[in-house]
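Hi there,

Here is the model I promised to pass on, followed by my notes. Have a look at it first, then read on.

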Amino acid sequence: MRNLTYPNVAIPIVQLEEFRKTYVSGEVEVHAVRGVTLTIQPGEFVAIMGASGSGKSTMMNTLGCLDRPTSGRFLFDGVNIDELSRDELADLRNRKIGFVFQGFNLLARTTALENVELPMLYCRPGVSGRGQRERGEKALALVGLADRADHTPSRLSGGQQQRVAIARALVNEPKLLLADEPTGNLDSRTSIEIMGIFQDLNDQGMTVVMVTHELDIARYCRRVVVMRDGLVRNDDAVKDRFLATEELAKLHAEQKAVQLA
Amino acid sequence: MLAIFKIAFRALRRNILRSFLTMLGIIVGIAAVIVGVSMGTGAKAEVDKRIASMGQNLLTVISGNMTRGGVRGGFGMAPNLTPADYEAIRKETFGVTAVSPEARTSVQVAVGNQNSFVQVSGVSAEYLTARSWPLRSGDNFSETDVRNANKVCLIGSTTAKTIFGENIDPVGQIIRIKNAPFTIVGWLIAKGSGSFGQDQDDVILVPYTSVMKRLSGDTKFRSFFVQAESPDSIADVQRQLTELLRQRHQITEGKDDDFMVRTQQETSDFFNANNRIMTILIGFFAGISLVVGGIGIMNIMLVSVTERTREIGIRLAVGARGRDVLRQFLTEAVLLSVVGGALGIGTGYWLAPLLTKFAGFPTLISNASVVVAFAVSAIIGIVFGFFPALKAARLDPIEALRYE
């Protein structure tokens, strides 16, 4: 399924060519990513795995258009990131990328709905107050939190907060959902629920890329890219893929068995 | 736009005490500006009122020249305005409705066994017209009284009150001025304080001829009062008087006048010069406190930017441009300073009357000072909020998101 053979197929969401990223910390040059070529097509569900220092965070920042490559090329949805200004990058993030973070990163003392509405504040052209509310409520309903719209993060569980964050990521109907250790702060059951949401979204056509270091979380994805020392070491389709619905059912059965015993 | 203010308002409400303390600097500064300017304006209004109470379109000719050599010798100099000068002014100037000389003397006045020292002013029959000074009862003395140096007088309200008691019409009574019996023919209405703060009503007016012949023996006057027929003719009358008196006093070209012709405007300017200096001085100190208040805002906004680095990171990540963040923090700073400014204006409105009540300063809050104060507070917010806001706007989203 390459563009060249099937010209009607959509352009890749992510196209990295010989991507390198070098940080200068003090007088030492740190080569975080040392030449990665990677293509992610629309509709994919990719896990980027690796130990700390493997360069996966740098990959994440770059895919999220928060940072530019030191060298190499990065096309996001066909657009060369290097040619965009800081403001154009901000607009691109606003329209095409949804972020989900490990620490949720919701605004404290701000309701779930207002958190979800946040990206719409920066839409150009702007969204009316009423439009913001409607879209925000729709996004919250999508993650099953319609009844928690007026709750502040402090009154929500970790799983609920992450759902709010996902709703916020989805509210502008992005091309790419980018998740950085989305289950890192969650217990295993909630983690599976969150992965279930990602799987549902992916089934509906959303492209999802997440960074994780947990192998069993990566198995909910369709493709796993393993990084080490700033290079891609492995890039395979997931075999024996976990499905959140099945895993939750299993967990439920196990709990029942424990209770019966 | 409204949404931006709502967000800013909420951010400030979160730290209500801190926001208030930050605003306090601006509140104090703006209140100081309002009160300070109100003192200046009040003092000017008071002076203007007193000057106006002297009469309408009034020019004063004073013997001596206060401005000569920078020495204020005017009042100390021997009087040099003569009755002939007075007659000349009456006959030879145009556009003049009333002229009166003034010959002052302070003498003992007695009624029955009561006696006191009172300022006795010898004036012409046109004096009351010149000074727009109506009578409460009785009549003015006449030209004939002046010509014959008759023993008639008009009595000021304060003097009448002291001698005869309050609200007792003294017209028809006889008082002894330096042992000569004078008939009171008119009772003057109260005029209030004059330009020097003196009580204008503590006075007895008699024909100037009577003063010169019977009371003081003076042959010259200290001052003339001249009323121009309209505001437009004041300058012309001033010029005529100057030319006439220079000619009569035989002052050669290039020499200084030995008299002064002052319009009310000039008198007002003379007294208001001090007020202006006071206003500028107070404004200067108030300005300093405003700058200090502004620095307070800058300080707190810098702290706020640091505290909310992560929030800024989130906003940048979801697509806020630098200028969106800039606008957000700038709005907060401006809101702080503008609310502070409004509270300061309120405080000023509350303080100024208290100052009048307890310290006796005349105060008058002008609309212009309120508008300016409000604008200044907004400008302070913009100026001192800009640097912190710029700092926020320039944050790197990755660094900001990672900030703990």
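A word on burial before anything else: I call a residue buried if 20 or more other C-beta atoms lie within 10 Å of its own, exposed if 12 or fewer, and partly exposed in between, with C-beta atoms placed from the backbone. By that count, buried residues make up 44% of the 261 residues in chain A.

Please keep in mind that this is a predicted model: local features need pLDDT of at least 70 and side-chain atom pairs count only at pLDDT 80 or more, while totals for chains, interfaces and linings use all residues. Residues are numbered from 1 along each chain as its sequence is written, and chains are lettered from A and ligands numbered from 1 in the order in which they are written.

**Chain A**

Chain A has eight helices and 10 strands; helices (H or I, at least four residues) and strands (E, at least two) are DSSP runs, numbered from the N terminus. Its radius of gyration, taken over C-alpha atoms, is 19 Å, close to the 18 Å that the globule rule (2.2 Å times the number of residues to the power 0.38) gives for 261 residues, so chain A is as compact as a globular protein of that length. The C-alpha trace spans about 55 × 50 × 50 Å along its principal axes.

Six strands of chain A form an open sheet with mixed pairing, in the order 6-7-8-3-9-10; two strands pair if DSSP finds at least two bridges between them. Strand 6 (97–100) and strand 10 (231–237) are the edge strands, each pairing on one side only. Within the sheet, strand 7 (residues 176–180) and strand 8 (residues 207–212) pair in the parallel sense over five bridges. L177(A) has V208(A), in strand 8, as its bridge partner.

**Chain B**

In chain B, my notes centre on helix 6 (residues 157–164), where S157(B), T159(B), A160(B) and I163(B) are buried. These residues cover an arc of only 160° around the axis (from the directions between the helix axis and the C-beta atoms), which puts them on the same side of helix 6. The buried residues of helix 6 pack against strands of chain B, including strand 2 (96–111) and strand 3 (114–123); contact here means C-beta atoms, placed from the backbone, within 7 Å. G165(B), with a positive phi near 100°, follows helix 6.

Chain B is divided into domain 1 (2–49 + 272–402) and domain 2 (81–257), with bounds from an automatic or database domain assignment.

Best wishes

Key
Two residues are in contact if their C-beta atoms, placed from the backbone, lie within 7 Å.
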